[in-house]
Amino acid sequence: MSTIVTDTHSAHDAHDHHDHHPKGIKRWLFTTNHKDIGTMYLWFSLIMFFVGGSMALMIRAELFQPGMQIVDPHFFNQMTTMHGVIMVFGAVMPAFVGLANWMIPMMIGAPDMALPRMNNWSFWILPFAFLIMLSSFFMPGGAPAFGWTFYAPLSTTYSTDSTALFVFSMHIMGMSSIMGAINVIVTIMNMRAPGMSYMKMPLFVWTWFITAFLLIAVMPVLAGAVTMVLTDKYFGTAFFDAAGGGDPVLFQHLFWFFGHPEVYIMILPSFGIVSAIIPAFARKPLFGYASMVYATAAIAGLSFLVWAHHMFTTGMPTFASLFFMYMTMLIAVPTGVKVFNWVSTMWRGSMTFETPMLFSLAFVVLFTIGGFSGIMLAITPVDYQYHDTYFVVAHFHYVLVSGAVFSIMAAAYYWLPKWSGVMYDTFLSKLHFWCSLISVNILFFPMHFVGLAGMPRRIPDYALQFADINAIVSVGGFLFGFSQLIFLAVCIKCALKKGEPAPAKPWEGAEGLEWTVPSPAPYHTFDVPPVIK
Amino acid sequence: MSETPEQKPQRQDNSRVITRLLGSVIIMFAFGFALVPLYEKFCEITGFNGRTSNTAAVANYGMEVDQTRVVTVEFHTRVSRGIPWEFQPEVRSIRVHPGEVKVVNFYVENRTGKDVVAQALPSVSPGEASLYLNKTECFCFEQQPLAAGERAVMPMQFYLDPDLPEHIHRFTLSYMMYDLTDQARVTTTASRSE
């Protein structure tokens, strides 16, 4: 990325006009301001993170000892299902959309998102989607219990009526994501400041641009799949019912055609965040900017050709297994390019270890561990051993928790001074980092071993030989869960403006247009577009 | 915010991009549904999901029997969950030469106290073999009405296409018996699409 030179007059805008907006609840209900909407997305995802997290703690409490202790198996299944759904659609995705709302206009020198009213709508339907989803706990038979993957026939023949609520809330979430994606694409295509060519955009903008296209491509397929589940269950169709001429395996093809790009939707923006933070604290420009862009596009393209690696055990022909195995392994190449570039950026940099950098470094190491276990899972013959064991659970939690969630934490610490105008509590933030780093590894690393030893996932009870490791994992789970309360405290302190006032550019090595506006970022930024030379 | 001259062409630009993106959303939604018949066709051509043809093949008695090869065909039967029927093949496996016509009987007993309509659906593993399994007669082609407590013998006559790939020495033909009483009441025609 070339150096960004801005017009000096762009930074003084804040003092020209007042932040005229309604006060109180009306400000938040009717806002079309990208910063307000971004803030609401981020708080929403933090709340959902704690809701989904408390379900995870219930799972870990039950698994602390072998045998049935606290919950019955059906409720345990509801916990695993809702934990997955909430973390994927309620915590990680809205957090990224919130970051996109806050940062993309400020990074490309735009006054707001391109479609501000739609932006309001795409946020405000989200709480209702989760209200519908969570209210299913009060139905007879409880919430959905078929896993977040809602495989047919579990979700059709063997499910309760909560399926209908599940399907409708999925529809609403899908609409919200699609509208968010359209907004991001239109903003990036049409609202860039003069001189901001595509190849000068910050990588966070690039990765979100590609993510938005993935969302447009796969969310409608998910909407179709949940609709088929709904009509199979209630309207007598037989898309997935073998007795009526359908095929349950077709469901898995449809779901993973959505599902695999979906996991990249949850990691590509992370790559953008880390690509912003590592150069800032290594005080060197990002190594291989162009290769980062191409690698992101390559990962997005390949994500459409690997879905059946989730289905090796469904009895595919050897040729198909080999195809999906090789395609999956191919993804390691562009991902390796990225990790190489991050490490090269740090090479001989003058590094300092502020909290955003600590989370980014943890991301690079732990995400790579998750990537390696992914390559192990990609090997068809050994996948027969790993399939549906805790090894898979360990793998996707390494990429999603110590990957995506850590990058969101890094982003929050990196931009909190810009959002709130005050510096976060440094001591608490470091405490949060070290507690999270240690506990996340106590939580997820031993899962690899019980997985390899054959402990199945989504089971409330287990064989006695897994008892010790499960006890350790549960302790790690509770430590990790309660460590996140420190993050909540940090966020609340910043929201209440308790802390040192932050300068416009609190990080010495940081680059980008967002640091040219004062902290906190004024309600309207870049009314006059900056000129990038 | 005051309207600058640059904002006007940009707004038109926006609507063009939005229209295209909304178009893509609709196309991808339709594509999700289009995958259903595409998958069916794909499976029919490649045998990917192991489903055999549900129309009778014409027995070709003049066909040359390949005495040099012996293929083991294993039979496996299941009854859909929670239905107390008996459903068994007379033999667990047989050895056949490709091209040779064989008959295997399946026994079924309705142990419930009510009349039912059932249908068995076939599945072959590995799926590749399903393309070379030709049934000239099979109970699975149609629905089977079974009175309460009734027993029946259901024959299945088949031969293997001599073009069966060399590497297939053994495959499994599985039948899953479904209770279609409710569906049969609505319509008497077979609910299978073909």
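Visitor: Which residues have the most contacts inside the largest nonpolar core?

Guide: In this predicted model, the largest nonpolar core has 184 residues, and those with the most contacts inside it are A:V92, A:I108, A:V205, A:A225, A:I277 and A:A410.

Visitor: Which residues does the second, separate core include?

Guide: That core has 26 residues, and A:A243, B:V108, B:V116 and B:A120 are among them.

Visitor: Why are β4 and β8 of chain B called paired strands?

Guide: Pairing requires at least two bridges between two strands, and eight bridges join β4 (residues 102-110) to β8 (residues 151-160) of chain B, which run antiparallel, so the two strands are paired. One of the bridge partners is B:M154 in β8(B), facing B:F106.

Visitor: What makes β2 and β6 of chain B the edge strands?

Guide: The open sheet has the order β2-β4-β8-β6 in chain B, with antiparallel pairing, and β2 (85-89) and β6 (133-138) each pair on one side only. From one strand to the next, the twist averages 25 degrees.

Visitor: Which element supplies the largest share of the side of chain B that touches chain A?

Guide: Contacts join 30 residues of chain B to 27 residues of chain A, and α1(B) gives the largest share of the chain B side, 16 residues. By class, that side has 18 nonpolar, nine polar and three charged residues.

Methods
Residues are numbered from 1 along each chain as its sequence is written. Chains are lettered from A and ligands numbered from 1 in the order in which they are written. This is a predicted model: local features need pLDDT of at least 70, side-chain atom pairs count only at pLDDT 80 or more; totals for chains, interfaces and linings use all residues. Helices (H or I, at least four residues) and strands (E, at least two) are DSSP runs, numbered from the N terminus. Axes are lines fitted to C-alpha atoms, for helices over the stretch in contact, and angles run from 0 to 180 degrees between N-to-C directions. Two residues are in contact if their C-beta atoms, placed from the backbone, lie within 7 Å. Ala, Val, Leu, Ile, Met, Phe, Trp, Tyr, Cys and Pro count as nonpolar, Asp, Glu, Lys and Arg as charged, and the others, Gly among them, as polar. A nonpolar core is a set of buried Ala, Val, Leu, Ile, Met, Phe, Trp, Tyr and Cys residues joined through C-beta atoms within 7 Å. A residue is buried if 20 or more other C-beta atoms lie within 10 Å of its own, exposed if 12 or fewer, and partly exposed in between; C-beta atoms are placed from the backbone.
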